[in-house]
Amino acid sequence: MLRTLLAPNPSPMTLDGTRTFLVGHGCPAVIDPGPDDPRHLQAILDALAGARPAAILLTHSHPDHGALAATLSQRTGSPVTQGDAETDAGAIRAIATPGHTPDHVCFLWLDTLFVGDLFMGEGDTTLVAPPEGDLRAYLGSLERVRELAPRVLYPAHGPPITDPLQAVGRYRRHREERVQQVRDAMRRTRSSDPAVLVRSVYGPHLHPGLRSAAEGSVRAILDYLR
Ligand SMILES: [Zn+2]
């Protein structure tokens, strides 16, 4: 009852690409239709095989998740929403999980949680950077996932996470360590300039494509410490 379609948009920030999920068959929900790419639109329409989705669900409004939503809505007549949906495979409930963005939600279906960008399928971190990102809200959302105690997490980027509680612990620890590293770097460099702190925390070998994300992450930590 669950199908995964991988969009052709790999990058350092999206890993192997954005995953679009179809829950149900006759009356499915489409979760995160993905980037505005005609090949991906065709792949979704082929998978739907004429079925009209009950809803097109968005975890958040970033273009690699939602740019295709309006076109898919036009083509299928289905509404775009961040709310609940009822499919032929059961109900899907929206859970507010701000932090990566203020509007971020996860979708709970049976014991499966679709987590958008709250988790990534690899590693132990996701982007939390101002102006959209809020570290305090993000840590609260990790707690919310722990309370829900799902059996499996489906991130939009990377493979499923089969041990959610361990992942919550790992993500929380990673962020607490980063907060401590930024504190130490501020003491060492006597600076609160994000560019200076990034060099001090991440070292000279940071992938150039990740530098602005790292600076954003440090800025979120500076906000959090204030
Ligand atoms: Zn995002």
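I started with the largest nonpolar core: it has 35 residues, and Ala-29 and Leu-57 touch the most other members. For my own record, a nonpolar core here is a set of buried Ala, Val, Leu, Ile, Met, Phe, Trp, Tyr and Cys residues joined through C-beta atoms within 7 Å. Buried takes 20 or more other C-beta atoms within 10 Å of a residue's own, exposed takes 12 or fewer, and partly exposed is in between, with C-beta atoms placed from the backbone. Strand β8 (residues 105-109) gives this core its largest share, 4 residues. Helices (H or I, at least four residues) and strands (E, at least two) are DSSP runs, numbered from the N terminus.

Before going on, I noted that this is a predicted model, where local features need pLDDT of at least 70 and side-chain atom pairs count only at pLDDT 80 or more, while totals for chains, interfaces and linings use all residues. Residues are numbered from 1 along each chain as its sequence is written.

**Around Leu-57**

I listed what Leu-57 contacts, leaving aside neighbours within four places in sequence: Ala-29, Val-30, Ile-31, Thr-81, Ala-85, Ile-92 and Phe-107. Contact means that the C-beta atoms of two residues, placed from the backbone, lie within 7 Å. I also found a second, separate core of 14 residues, with Val-128, Val-182, Val-198 and Val-218 among them.

**α4 against α5**

Next I looked at helix α4 (residues 135-148) and helix α5 (residues 164-189), whose axes come within 9 Å and cross at roughly 160°. The axes are lines fitted to C-alpha atoms, for helices over the stretch in contact, and angles run from 0 to 180 degrees between N-to-C directions.

On the α4 side, the contact is made by Leu-135, Leu-139, Leu-142, Val-145 and Arg-146. On the α5 side I wrote down Pro-164, Leu-165, Val-168, Tyr-171, Arg-172 and Arg-175. These contact residues divide into 8 nonpolar, no polar and 3 charged.

Arg-144 is partly exposed, with 16 other C-beta atoms within 10 Å. Beyond four places in sequence, Arg-144 is in contact with Ile-95 and Thr-97.

**Backbone spots**

I found a cis peptide bond joining Pro-130 and Pro-131, with omega about 5°. Pro-131 sits in the loop between β9 (112-116) and α4.

Leu-15 has a phi near 55°, a positive value in a residue other than glycine. I placed Leu-15 in the loop between β1 (2-6) and β2 (19-23). Leu-110 also went on my list, with a positive phi near 50°, in the loop between β8 and β9. Leu-110 counts as partly exposed, with 15 C-beta neighbours inside 10 Å.

**Gly-34**

Last, I looked up Gly-34, in the loop between β3 (29-31) and α1 (38-48). Gly-34 is buried, with 30 other C-beta atoms within 10 Å. Not counting residues up to four places away in sequence, Gly-34 touches Ala-7, Thr-18, Thr-20, His-40, Asp-64, His-65 and Leu-68.

Key. Nonpolar A, V, L, I, M, F, W, Y, C, P; charged D, E, K, R; others polar.
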